[in-house]
Amino acid sequence: MTTPILDDKDHDEPSAFTPESLLREARRQKGLPSVEVPAVCVLDPDGDIVRDLIASGRAQRDPDWACYHTELFIVDDGRLHYGIVGGVVGASFAVLIAEELFAVGCQLLVSVTSAGQISPLGQPPYFILIERALRDEGTSYHYLPPARYAVADAALLEQVQAKLNGADLEIERGSTWTTDAPFRETAATIAARRAEGILAVEMEAAALYAFAQARGRAVLCFAHVTNQMGQAEIDFEKGQANGADVSIRLIETVIRALGR
């Protein structure tokens, strides 16, 4: 028996279906102009960062974003200029939106996703700068040949690390486990991941890093460890403004560190 997700893959062959063609047809149907997105964009799977930026008046919806599935919001306060998309949960959805963003002008994509604690580094919430992510999802295998991990760009990691060291943020650095099935995180699997040195479990990083490597794109992923997978009585607490304040500080520190 073969595994379909590994069958008939030529990773060097271009796709017949492209984000450019999808956006072209979306613009045609919606009567939208062809415009570029900001050079820096952010994925906010939970949507709490986007909601806080909108509520505070810092983010405005981009009326020209032609995506069928999401809304793009723009932050432009005279100091920083970036786009942010909320609700992009899961590996396949994250990469679909990443493909579209890079097709229309994005040069750096930052993802800040909620994560469950695997190795007990401390009491949540805190952040992890993800160096590599275990490929326990499907999307990455369409971009890269089979391997256990998808890895971040080492130069990006080092460039941003120096700035993070001086920031008033609680940030660890290490490996995460990307899964498509959060409700199949069994005790045996969690123990095995912990023994492997994995710090947290999330749903997007492996696919985003595989996409980045395959396409030559700049992508940096953070896990916001906010929970112990519901195994504590009081869990999933992100802190002030549902973690938006500290997440925005993280995002803006990264943008400044990378000179974008």
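Q: Two strands pair if DSSP finds at least two bridges between them; over how many bridges do strand 6 and strand 10 pair in the antiparallel sense?
A: This is a predicted model, in which local features need pLDDT of at least 70 and side-chain atom pairs count only at pLDDT 80 or more, whereas totals for chains, interfaces and linings use all residues. Residues are numbered from 1 along each chain as its sequence is written, and side-chain values use heavy atoms, with hydrogens and water left out. Between strand 6 and strand 10 (residues 219-227), the antiparallel pairing runs over 4 bridges.

Q: Which residue in strand 8 is the bridge partner of Ile128?
A: Strand 6 also pairs with strand 8 (residues 171-179), here in the parallel sense and over 9 bridges. Within strand 8, the residue bridged to Ile128 is Glu172.

Q: Which residue of strand 7 stands opposite Leu134?
A: The pairing of strand 6 with strand 7 (residues 149-151) is antiparallel and covers 3 bridges. The residue of strand 7 that stands opposite Leu134 is Tyr149.

Q: How many of the 11 residues of strand 6 are buried?
A: A residue is buried under 20% relative accessible area, exposed over 50% and partly exposed in between (1.4 Å probe, protein chains only). Strand 6, residues 126-136, is mostly covered by this criterion, and the buried residues among its 11 number 8.

Q: Which helix gives the most to the lining of the largest pocket?
A: On a 1 Å grid over the protein atoms alone, a cavity is a set of points where a 1.4 Å probe fits but cannot get out, a pocket is an open set with protein on both sides within 12 Å along at least five of seven lines, and lining residues have an atom within 4 Å of a point. Grid points are joined across faces, edges and corners, and a volume is the space filled by probe spheres set on the points; the largest pocket holds about 690 Å³. Its lining has 26 residues, of which Ser15, Phe17, Glu99, Tyr143 and Arg215 are the closest to the centre. Two or more lining residues come from each of helix 1 (19-30), helix 3 (91-103) and helix 6 (205-215), and the one that gives the most, with 7 residues, is helix 3.

Q: How many charged residues does the lining of the largest pocket hold?
A: Ala, Val, Leu, Ile, Met, Phe, Trp, Tyr, Cys and Pro count as nonpolar, Asp, Glu, Lys and Arg as charged, and the others, Gly among them, as polar. On that basis the lining of the largest pocket has 11 nonpolar and 6 polar residues, and its charged residues number 9.

Q: How many residues apart in sequence are the parts tied together by Glu252 and Arg58?
A: A salt bridge places a side-chain nitrogen of Lys or Arg within 4 Å of a carboxyl oxygen of Asp or Glu, and the count comes to 12. In one of these, the closest N and O atoms of Glu252 and Arg58 are 2.6 Å apart. Glu252 lies in helix 7 (residues 244-257) and Arg58 in the loop between helix 2 (48-55) and strand 2 (59-61), so the separation in sequence of the parts they tie together is 194 residues.

Q: Is Glu99 buried or exposed?
A: Glu99 meets Arg215 in a salt bridge with an N to O distance of 3.6 Å, a pair that links helix 3 with helix 6 across 116 residues. Arg215 is partly exposed at 39% relative accessible area. Glu99, at 14%, is buried.

Q: Which residues form one aromatic cluster?
A: Rings of Phe, Tyr and Trp (its six-membered ring) pair if their centres lie within 6.5 Å, with planes under 30 degrees apart counted as stacked, over 60 as edge-to-face and the rest as tilted, and there are 2 aromatic pairs. Phe102 and Phe211 form a tilted pair, 5.7 Å centre to centre with 50 degrees between the planes; Phe102 lies in helix 3 and Phe211 in helix 6, so this pair ties together parts 109 residues apart in sequence. Phe211 is buried, at 0% relative accessible area, and pairs edge-to-face with Tyr143 at 5.9 Å centre to centre and 90 degrees between the planes. The cluster consists of Phe102, Tyr143 and Phe211.

Terms used
Pairing = 2+ DSSP bridges.
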